[in-house]
Amino acid sequence: MSIDLGLPGLRSGVELVPTTDEKQTGKDFTSDQEVRWCPGCGDYAVLKAVQSFLPDLGLRRENIVFVSGIGCSSRFPYYLDTYGMHSIHGRAPSIATGIATAREDLSVWVITGDGDALSIGGNHLIHALRRNVNLNILLFNNRIYGLTKGQYSPTSETGKVTKSTPMGSVDHPFNPVSLALGAEASFVARTIDSDRKHLTSVLSAAAAHRGTSLVEIYQNCPIFNDGAFDAIKNNDTKQDAIIPLVHGQPVTFGAVDETTGLGTKAVVRDRANGGVRVVATADADTADIVIHDAHNPDPSTAFAISRLTDSGYLNQSPIGIFRQVERPTYDDGARAQVAGAQTNLTGSRTERLESLINAGDTWTVV
């Protein structure tokens with residue numbers, strides 16, 4: 001099932017106007033490096049979607065930067081004919097923050113995985129989200145450590161048997177979307193590696209968003225965690241497994257009733273605990289069915305919907321844009337402060353330096 005988002009980007013970045021009128025194709029953004037992932041890896045589908053999508057930005061290749069951490073997905077910069085950096089384990093958001101702040105003319109992308117972003121890089125991720133830096137974070141989630149050959153990751157389900165948890169994991173897993181919403185990220189979405197149409201639509205909305213965009217991509221690892229997302233990919237089950245989120249539309253799923261246009265299952269408000277739950281649409285009070293509002297400044301409902309992934313609905317997953325709101329960005333604020341300070345400078349360079357050194361609290365050592 002391919003999902004129509006029905007949700008354009010709120011507005012394009014002020015600086016990132018198209019910088020080339022030349023006709024570009026995916027080949028222009030494809031490097032000469034041999035792609036080295038395992039056969040059947042979901043990374044191939046994501047790479048192809050990104051290469052095909054980049055021409056739509058209308059930017060020169062030198063105005064696009066991809067920064068990755070460590071992991072299978074972090075090979076990404078090698079395969080794109082743009083600027084890029086294969087950086088430090090877990091620190092890609094911090095490096096990307098510096099790039100985005102120093103160069104407002106760049107479209108900055110972070111490529112990371114569930115291990116890289118949520119284990120050693122967890123602190124860097126949440127602070128990039130709360131700061132709302134102008135960058136796009138693509139988090140490939142295969143619920144396993146692939147590069148180091150099959151250890152459990154921060155998103156592996158409880159009881160997962162791996163090389164590092166032979167008796168089953170006792171950890172409670174992270175839900176990346178819930179984590180991002182808890183950090184009050186201004187754009188949060190989830191999509192699937194094998195759904196090219198939906199993936200491209202989400203990438204377009206993320207690129208148009210001003211601020212930090214976090215896109216979780218369910219990505220299959222055929223070697224160490226094959227079939228982790230079969231429920232939402234199998235043609236026989238995905239209709240009942242995918243909870244599509246479309247701004248302004250009722251949140252229902254399952255077989256669609258041609259009369260009402262609603263699915264057989266509905267997400268309704270749970271008056272008892274203030275959250276949401278899944279019921280049969282036929283048994284639901286129409287007034288209780290959640291109407292998805294990605295622009296709601298309060299992330300509470302979006303967070304509640306994200307919890308359907310973990311709260312007893314393990315074969316079901318909300319897919320789409322959870323939140324898309326506007327708020328001030330870190331790098332715009334930092335540049336404004338620098339510009340303001342520069343306009344207030346008087347005197348020679350030596351005098352300005354002396355004034356800076358003696359500003360604020362000073363002490364005389366005798």
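Contact means heavy atoms within 4.5 Å. The model is predicted: local features need pLDDT of at least 70, side-chain atom pairs count only at pLDDT 80 or more, and totals for chains, interfaces and linings use all residues. Residues are numbered from 1 along each chain as its sequence is written, and side-chain values use heavy atoms, with hydrogens and water left out.

**View 1. Surroundings of Val 267.** Neighbours within four places in sequence are left aside. Val 267 then touches Ile 243, Val 251, Val 276, Arg 277, Val 278, Asp 288, Ile 289, Val 290 and Leu 308.

View 2. A nonpolar core is a set of buried (under 20% relative accessible area, 1.4 Å probe, protein chains only) Ala, Val, Leu, Ile, Met, Phe, Trp, Tyr and Cys residues joined through side-chain atoms within 4.5 Å. The largest has 37 residues, and Leu 125, Leu 129 and Val 267 have the most contacts inside it. Helix 2 gives the most to this core, four residues. Another core, of 32 residues, lies apart from it and includes Leu 47, Val 50, Phe 76 and Ala 207.

**View 3. Helix 2 against helix 10.** Helices are DSSP runs (H or I, at least four residues), strands likewise (E, at least two), both numbered from the N terminus. The axes of helix 2 (residues 92–102) and helix 10 (residues 330–343) come within 9 Å and cross at roughly 50 degrees. That makes helix 2 oblique to helix 10. Thr 97, Ala 100 and Thr 101 of helix 2 meet Tyr 330, Asp 331, Ala 334 and Arg 335 of helix 10.

Terms used. Axes are lines fitted to C-alpha atoms, for helices over the stretch in contact, and angles run from 0 to 180 degrees between N-to-C directions. Angles under 35 degrees count as roughly parallel, over 145 as roughly antiparallel, 65 to 115 as roughly perpendicular and the rest as oblique. Buried means under 20% relative accessible area, exposed over 50%, partly exposed in between (1.4 Å probe, protein chains only).
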